[in-house]
Amino acid sequence: MKNKVSPSQSGVTGHGGNVHGLAREMGIDVTTLLDFSANINPLGPPEWLRPLISSEVASLVHYPDPYAGKLVQAIAERYKVPEESVVVANGTTELLYQLPKLLGCAQALIPSPSYIDYTKVMELAGMTVRPFLLSAEREFTLQPHELASLLTGGELVVIGSPNNPTGALVDPEQIIQLAKEHPATLFLIDEAFLEFVVGGRSVALAADNILTLHSLTKFYAIPGLRLGFGIFPLPIARLLREHLPPWTVNTLAQAVGVRALADHEYAEQTRAYCRELRTNLVQDLQRFPALQLFDSAANYLLLRLVDGSNARILAGQLLERKIMIRTCSNYTGLDASYFRIAVRTEKENKLLLSALCEIFLPQPPKVVKSIPKMARPLMFQGTSSNAGKSVLTAALCRILLQDGVRVAPFKAQNMSLNSFVTHDGLEMGRAQVVQAQAARLDPDVRMNPVLLKPNSDTGSQVIVHGRPVGNMDVMTYLRYKETAMQAAHASYDSLAADYDVILLEGAGSPGEVNLKRHDIVNMGMARYAQAPVLLVGDIDRGGVYASFVGTMEVLNEWERALVAGFVVNRFRGQASLLQSAHDYVTAHTGREVLGVVPYLKNLGIPEEDSVSFKAGLFQGDRPEGDLVEIALISLPHISNFTDIEPLAAEPDVFLRVVERAEDLGNPQAIILPGSKNVIHDLAALRSCGLADAIQRLAAEGCEIIGVCGGYQMLGTSIEDPLAIESDQGTISGLGLLPMTTVLAADKRLVRQSGVHTESGQPVHGYEIHHGRSQTYLPPTLAFTDGTGCGAVDASGRIWGSYLHGIFDSDPFRRWFINRLRQRKGLFPLPGIPVPYDLEPAFDRLAATVRESVDMKRIYQLLGL
C-alpha cells in the first residue's frame with residue numbers, strides 16, 4: 001500500500017456518514033460518494049415509505065401528537081411492555097444525551113471499544129468514565145460476568161449489543177443475570193443494531209434496572225427522518241418525558257414508525273439479505289493478506305491493517321475512488337490501524353473489493369476473482385406502452401454506430417406477435433431485429449432471450465433463447481419466471497462481454513404496481529445490468545409530465561435511484577415552450593428532461609406493435625391518384641404485421657386496415673396476415689361477417705393473399721389435434737384453396753430464399769409455424785434448397801404461403817403491384833419507385849434524435 005496521506009481527514013474521522021460535509025470539502029456531488037462509513041440497511045427503505053409519507057402530507061398543517069400515542073402503543077405491543085415505559089424521540093441520540101443528566105450516577109463503566117458518544121455524553125454530564133478494555137485476541141467479545149468485580153452500586157454500565165464498531169453480540173441471558181445480581185447498578189443496553197441479528201433477543205425490562213435504546217432509522221434505512229425510542233423502568237421513563245421538549249417526533253416520523261413495526265416481512269427479508277451479503281463480503285475480504293477481520297453479527301465489519309499502518313492512508317486512497325470508510329483511531333481501545341466498513345449491496349461491495357484490489361493487489365493472485373470487462377449499459381423505459389422506447393433505442397444504436405461505438409440492443413422479455421427467425425433458425429422479437437439493423441448487426445436471440453406470443457386473453461406461447469418451451473397461462477408463467485429471469489441474465493452477460501455498449505429496452509411501464517413484484521424486464525433488469533434509466537413519455541397522448549411525476553412517485557427508492565432523466569417524445573411544436581414544465585418536473589423529481597424528440601411522420605421503420613402499425617396506415621378518405629387499393633384484414637391475434645410495411649411505403653398503393661365487413665369495399669387485393677391463433681381469428685371473421693365478404697369478393701375476381709396463418713385460413717380445414725391453439729379439434733376454412741392443415745407439435749423455424757414461381761422474381765424471408773399444409777396445387781414459391789411453399793389456384797388470384805417478409809423483395813413487390821395496376825386498367829410503373837431500404841430511415845431518425853437530446857449527457861451516463 002502506497003504511503004500517501006488522505007486529502008481530507010474530517011470526512012474519515014468522528015462519526016461515520018458525514019457525506020455532505022465530505023462532498024462539500026471535495027467539491028463533488030454527494031450522490032457520487034459511496035458511503036461505507038454509515039451502517040444503514042443495504043436493502044433500502046421499505047416500498048411503502050414514499051406513498052405513506054405522501055399520504056401524510058395533508059396532516060402537516062397540524063401539530064404532531066406530542067405523546068406519539070399510536071407509535072407508543074405499537075412499540076409496547078411489539079416488545080410486550082407497558083406503554084408508560086416507552087419514550088419515543090428524534091433518534092436514540094436525543095435520549096442518550098438526556099439520560100446521564102437525569103440518572104444521578106457518578107460513574108459510568110463502558111466496555112470498549114464502543115460507540116464514541118457513550119463517553120462523550122457521560123463526561124458532559126459530569127460522570128467519571130471507566131473504560132473496560134476488550135481484547136482483540138478474543139474478537140472483542142464481552143462476557144458480562146467479567147464486569148461483576150468492578151460494580152459497587154450506583155454506577156451506570158453502558159453496553160452495545162451488537163457492539164459498535166466490532167459487531168460483537170453480547171449474550172442476553174448473561175446481561176440479565178448480571179443486572180439481577182447487581183440491582184443497585186443501572187444497565188443501559190444499546191440495541192440500535194439488534195434488529196439486524198437473526199434471532200436477536202431484546203433485554204428490554206428483563207430486570208428493573210435495565211434500560212434499552214432502540215433505533216428505527218438504521219434498520220429501516222431512514223436516517224434522515226430521525227426516529228428512535230427507549231424502554232425504561234417507569235420512574236426513569238416519567239423523568240425523561242418531563243425533560244424532553246414537546247413535539248420532538250414529527251408527524252411523518254410517527255406514521256412511519258407505526259407502519260415499520262407492523263412490517264414483519266421487510267424485517268425478515270432484511271435479516272436474511274444482510275446475513276448473505278455479510279457472509280459473502282467476509283469471504284472476499286479474507287483473500288486479502290493485508291487485512292484482519294473480526295466476527296460480526298451486525299451489518300458492518302471491523303478490520304485491521306495487519307502491518308499496523310495508519311488506516312487514514314487507506315481511507316484517503318479510497319476517497320480518491322469516491323469510497324468512504326470509517327477509521328477507528330478515536331475509539332477507546334483501538335489504534336490507527338483499525339477501520340470499519342458497512343455491509344452494502346452486492347454491487348457496492350464489489351466496487352469496494354475492486355478498489356482494495358487496486359490498492360493491495362496490483363497484480364491479483366488467482367484466488368481473487370477477476371471481474372470480466374462488461375459493456376456500459378443504458379436503458380430506455382416508458383411511462384406506458386408505445387411511448388417510443390423501441391424507436392429511440394434504434395436511434396441511439398445508429399448514433400453510437402456512427403460515432404464508432406460497438407453497440408447492441410437488448411430486451412429481456414418481449415410480448416409481441418411480431419417475431420423473426422434468425423439465420424440459425426431461432427425466434428426473437430421483431431423490434432430487437434430492427435434495433436440490430438440500426439446497429440448493423442445480425443439479429444441474435446441474446447438480444448431478446450424471452451419472447452411471449454399471446455394466443456389468448458390470458459395465455460401466451462413462451463419462447464426462451466429462440467425456442468418454444470410451452471404455452472402458459474399467467475399463473476403458470478409466474479412460476480416459471482425465475483427460470484426466464486436466469487435466461488435473460490445469462491443472455492445479457494454473454495452479449496455484454498462482446499460489445500462496448502448495451503442499450504436496454506423496458507416493457508410497458510415500470511410504474512405498473514401490480515407487475516413490479518415479478519418484474520424481469522424493467523427496473524429489475526436495470527438493477528442487474530447496473531444501467532441508468534431514461535424514462536420516455538409520449539406527449540402526443542397528453543399528460544406526459546404528470547406521467548413522469550406519477551411514475552417516479554410509485555417507484556421504490558432503489559428504482560428511483562436508477563432513473564437518470566426523462567425524454568419527451570412525439571412533440572409537435574416549439575420545444576422552448578415546454579421549459580416551465582421541465583422546471584416543474586426537475587423540482588419535483590430531482591431529474592432533468594434530457595430531450596424533446598419531435599413527432600416524426602412516415603418514419604419508414606417497422607413499428608413495434610400492431611396498434612402503432614395500424615395507426616400509421618392510411619385513414620379516412622381515399623387519396624387522389626392512380627392507386628391500387630389493398631385491404632389488410634385486422635385479426636384479433638395478428639402477428640408479423642410488418643410483412644405489409646413495404647406495401648405501405650409504395651406511392652401507388654392505398655393500404656387500408658379493415659375490421660368490419662361494411663368497411664371492406666371493393667379493393668384490388670385482400671391480405672390475410674399471420675395469426676397466433678388461427679382458429680379463434682377465423683371464428684372472429686365469421687362472427688363479424690368478414691369471412692362471407694371475403695368469399696364474395698373472391699368469387700368476383702378480387703385477389704386474395706394469405707400469409708402464414710392467413711394462408712391456412714384459405715384452405716378447406718384446419719385441424720388442431722394437440723389443442724395448441726384451441727380445443728375445438730377441426731374447423732372449416734374459407735374454402736378458397738383445396739388445402740388441409742394440421743397443427744403439429746414442433747414449430748418450423750427456418751430462413752428461406754428462392755423465387756416466386758409465376759413471376760420468377762426473387763423472394764426471401766422466414767417461416768414460423770406449427771401448421772403442416774397439404775394440397776395438390778402447385779407451390780407459390782420455389783426455394784434454393786429444392787423445397788417449395790404455398791399454393792396458388794388456377795386463376796392465379798387466390799394464393800398464399802408461409803413465407804414472412806415476402807413483400808420485402810423490391811422486384812417481387814413491384815411485379816405484384818403492377819399486376820394489380822394492369823387488372824385495374826393502369827399502366828405498370830417502371831423500375832423500383834421506392835426501394836425497401838431501412839438505412840436512410842435509420843440515418844434520418846438518428847440525425848433527428850441527435851439534435852433533440854442532450855448527447856453530452858448521454859455519453860456521460862455511458863461513461864464514454
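Student: Which elements each supply at least two residues of the lining of the largest cavity?
Tutor: In this predicted model, helix H23 (709-713), strand S34 (739-756) and strand S35 (762-775) each do so. The largest share, 4 residues, comes from S35.

Student: Where does threonine 166 lie?
Tutor: Threonine 166 is found in the loop that runs between strand S5 (156-160) and helix H6 (172-181).

Student: Why is threonine 166 called buried?
Tutor: The term applies under 20% relative accessible area. Threonine 166 has a value of 1%, and is therefore buried.

Student: What makes the pairing of the side chains of threonine 166 and asparagine 163 a polar contact?
Tutor: The cut-off for the N or O atoms of such a pair is 3.5 Å, and one must be able to donate a hydrogen and the other to accept it. These two side chains make their polar contact at 3.0 Å, so the distance falls within the limit. The side chain of threonine 166 also reaches the backbone nitrogen of alanine 168, at 3.1 Å.

Student: Which residues is threonine 166 in contact with, leaving aside its neighbours within four places in sequence?
Tutor: Those residues are Pro113, Phe140, Asp295, Ser296, Tyr300 and Leu302. They count as contacts because the criterion is heavy atoms within 4.5 Å.

Key
Residues numbered from 1 in each chain as written. Predicted model: local features only at pLDDT ≥ 70, side-chain atom pairs only at ≥ 80, totals over all residues. Heavy atoms only, no water. Buried < 20%, exposed > 50% of the residue type's maximum accessible area, 1.4 Å probe, protein only.
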